[in-house]
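Thanks for coming. I will go through some salt bridges and then the nonpolar cores. Here is the model.

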Amino acid sequence: MRATILYSFSFFVILVLSRQMSPDISSLNITEWGLPLAIALGGVFLLRRYLQAVYVEIASLSKRGRRQFIMEWALFMTAGILVGAYGSLIFHFDILSSLSVLLAFTVVGFFVSADLALQRERLLGEEAIRDNSVCFDEQRCFSLTRQLVFMTIACAILLAAILYCIFIQDIQWILAEGPLHIEQIRSDIFIEIGFTIALLLVFLVTIVISYSHNLKIFLGYQDTVLHAVGEGNLTARVPVARCDDFGRMAIKTNKMVESLQVRTAELHRTQDITIITLAALAESRDSETSGHILRTQYYVKAIAEHLRCSSRYADFLNEKTIEQLYKSSPLHDIGKVGVSDRILLKPGRLTFEEFEEIKQHTSYGRDAIARTEKYIQGNSLLRFAKEIAYTHHERFDGTGYPQGLKGDEIPLSGRIMALADVFDALISRRVYKPAFPFIEAKKIIVEGRGEQFDPDIVDAFLALQDRFRQIAFEFADSDYDRNLLLDDEMKSSCG
């Protein structure tokens with residue numbers, strides 16, 4: 001559509017310019033001169049579709065913009081040569097008139113070619129995004145500075161050439177008419193030159209607008225990616241869709257983001273390993289196993305993802321928060337490193353004093369994480385870890401410890417961890433009790449609804465009970481524990 005409009009407008013501009021630059025052409029009527037112009041431009045317009053397929057589209061992305069410009073300009077100059085030759089044969093143009101025709105086609109073709117090449121750049125940007133391809137060739141890179149210099153010099157030369165030809169034609173006109181008509185001639189010349197400049201300015205302004213639009217688009221790509229990286233999205237990439245400074249900038253930006261992504265992934269892996277190591281250290285002094293860490297992690301994540309669908313929790317439980325809850329949950333019992341082995345590993349019933357000492361593991365855990373938090377300001381993972389370590393033994397009815405918090409006074413992270421920890425303790429063997437079957441553990445959880453556990457979280461557990469059973473089965477400590485997770489019907493079906 002853009003090419004159709006530009007070629008149509010070009011016909012009108014070339015018709016006017018050629019008549020103003022050549023007395024031979026100005027002596028012809030509109031039909032005599034307009035018909036060959038229309039045929040020539042219509043012919044090259046039809047030919048450009050074929051050339052675009054066999055010359056532009058088959059080239060690599062980095063070459064297409066330049067080839068589009070070369071093809072369009074060559075078509076216009078070819079049309080100019082053909083029309084000039086037609087004028088010489090049919091209307092007996094002199095050499096200057098034929099050159100004037102070629103100049104008009106060359107100047108107008110330059111502007112049209114530049115505009116359509118800029119449009120091609122925009123299409124290449126869309127294609128690079130769609131196909132995740134790279135439009136850059138260091139050997140063919142044409143810097144923005146060189147582009148601006150080339151465009152400025154070319155426009156100045158071509159416009160000067162047009163105005164010079166018109167000026168020569170006007171001088172000849174004045175000499176031919178004589179001084180008697182000087183006032184009328186002067187008025188006509190002013191109108192003629194003003195009209196010519198206006199026509200050429202339309203092309204020039206169109207190119208400036210197209211060029212600025214392209215710059216805005218590619219700067220927008222850069223800005224969007226940098227904003228995404230600032231928000232923590234390290235998967236964003238700038239499309240490499242220009243073979244110039246913007247393309248080079250996009251490549252360097254993408255390399256920087258990739259480097260950040262690698263370093264961040266390494267940091268996350270180190271963080272995860274550190275958390276698991278600390279959690280394993282705490283469990284090495286307890287009767288719990290490494291399976292407890294994995295199971296409770298996945299229970300917490302499953303509950304959080306389910307609650308996210310509720311309008312009550314949707315704003316808080318975003319993807320990042322759920323990931324932080326998942327990663328911080330293994331540290332819920334880190335405070336047990338401060339409790340005596342004599343109490344932790346005692347097989348029988350604890351005395352009142354011993355149980356009070358056990359309760360202190362929540363404070364030990366909170367204080368240990370808080371000391372670390374001082375050195376890493378703003379780390380939400382440590383904030384959740386501290387909440388979970390300190391509040392996962394609070395009860396919804398306010399009878400838990402260490403603070404006796406009630407209802408929503410207990411952080412959501414602590415309420416989720418409370419159910420996950422108790423459920424896993426019920427289905428697991430401890431030195432002081434055997435593992436309970438899944439059905440019995442489920443019954444105990446339901447009985448604690450509104451007393452020990454948040455009703456919303458119990459409802460989530462019931463909705464996710466098959467998922468809980470699957471997690472427990474996958475990370476069970478033994479086949480015996482797996483067997484307890486199966487109902488009688490399941491056992492018979494398994495043979």
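I start with R415, which forms a salt bridge with D454; the closest N and O atoms are 2.8 Å apart. By salt bridge I mean a side-chain nitrogen of Lys or Arg within 4 Å of a carboxyl oxygen of Asp or Glu. R415 sits in helix 15 (residues 412–426) and D454 in the loop between helix 16 (438–447) and helix 17 (455–463), so the pair ties together parts that are 39 residues apart in sequence. Helices here are DSSP runs (H or I, at least four residues), numbered from the N terminus. R415 and D454 are both buried, where buried is under 20% relative accessible area, exposed over 50%, and partly exposed in between (1.4 Å probe, protein chains only). The two belong to a network of salt bridges that links R312, D408, R415, D454 and D456.

A word on the source. This is a predicted model: local features need pLDDT of at least 70, side-chain atom pairs count only at pLDDT 80 or more, and totals for chains, interfaces and linings use all residues. Residues are numbered from 1 along each chain as its sequence is written, and side-chain values use heavy atoms, with hydrogens and water left out.

The whole structure has 18 salt bridges. Another one joins R395 to D397, with the closest N and O atoms 3.6 Å apart. R395 is partly exposed at 24% relative accessibility, and D397 is partly exposed at 28%.

Now the cores. In the largest nonpolar core, of 63 residues, W33 and F105 touch the most other members. Such a core is a set of buried Ala, Val, Leu, Ile, Met, Phe, Trp, Tyr and Cys residues joined through side-chain atoms within 4.5 Å. Helix 5 gives the largest share, 14 residues.

Methods: Helices (H or I, at least four residues) and strands (E, at least two) are DSSP runs, numbered from the N terminus.
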